[in-house]
Amino acid sequence: MRIDAHQHVWTVARGDYGWLTPELTPLYRDFGLADLMPHLSAAGIEGTILVQAAPTEAETAFMLDIAERVEDVAERAEIVRGVVGWIDFDAADAVARIDAIAARELVVGLRPMVQDIADDDWLLRPALAPQLEAMARHRLVFDALALPRHLSRLIQVVDRHPGLQFVLDHFAKPHLATGEIAAWKQDIASLAARPNIVCKLSGLVTEAAADWQVADLREAVDHVIAQFGPQRMLWGSDWPVVNLAGGYAKWFAASETLLADLAPAEKADIYGGNAARIYLSSRGRHTSRR
């Protein structure tokens, strides 16, 4: 099964997407699963992981409602295999909130929006430990929406919680537009030495120059392949955010070129096998909802 391990939906009128402004013209409209289906069909993708885009529990409920909606077209309703949601990790009852959301069948992980948190050391707060332990207990994945400056902190957290599965979103958004990735490469190599984290091949083109070419992505992708290996990488579209930098089809074609030298089995792992293992089967979820 091919799985797009990172896609979003949103309704602008909800009002909880603080980052989504009218200046982001290609994104400033509603996006639902019906808009996504033609892209999945063209790429031969059978399932997706739906990921939060707003730091509110209401948006997570909104996503679950879409993913679980029985009156929707059957094919569309079945496409979402798992949901990565959000809870307020800083709430006094955060552990209880994790316990509650873990009971939802489609919830496979949680994603605090680390890149938008003012305190760069937030990941290191001792008060966060019970929440991460609760996630590990429920076999929920921690999706790390981090930036290069957070990687040294993330390494420490990954070490502190060996029983928790981490997924690094978007390669931690290396500075591809400027080419300043030497420090990022060192941190990625250190992070890859930890067995309980995998890396998501997604979100790169929005970090590259506006007129990006495949060659602009090559060094970063080759480095992650060398450090993590194909068995610890997941492919994601980051749709519809990818519309800011060429769209779904262009990014998928670039990925095909970047992964062309891998064996068919290795590509199959990146394009779905690893997502099924990390998000679904190893979390006690099913790869099929039927």
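**View 1. The largest pocket holds about 300 Å³ of space.** Here a pocket is an open set of points on a 1 Å grid over the protein atoms alone, where a 1.4 Å probe fits, with protein on both sides within 12 Å along at least five of seven lines. The volume is the space filled by probe spheres set on the points, which are joined across faces, edges and corners. Lining residues have an atom within 4 Å of a point; there are 18 of them, and W19, Q115, K173, D238 and V241 are the closest to the pocket centre. This is a predicted model, in which local features need pLDDT of at least 70 and side-chain atom pairs count only at pLDDT 80 or more, while totals for chains, interfaces and linings use all residues. Residues are numbered from 1 along each chain as its sequence is written, and side-chain values use heavy atoms, with hydrogens and water left out.

**View 2. Strand β5 covers residues 141–144.** Strands are DSSP E runs of at least two residues, and helices are H or I runs of at least four, numbered from the N terminus. V141 and D143 point one way, F142 and A144 the other, and all are buried (under 20% relative accessible area, 1.4 Å probe, protein chains only).

View 3. Strands pair if DSSP finds at least two bridges between them: β4 (residues 107–110) and β5 run parallel with two, and β5 and β6 (residues 166–168) run parallel with three.

Terms used:
Buried means under 20% relative accessible area, exposed over 50%, partly exposed in between (1.4 Å probe, protein chains only).
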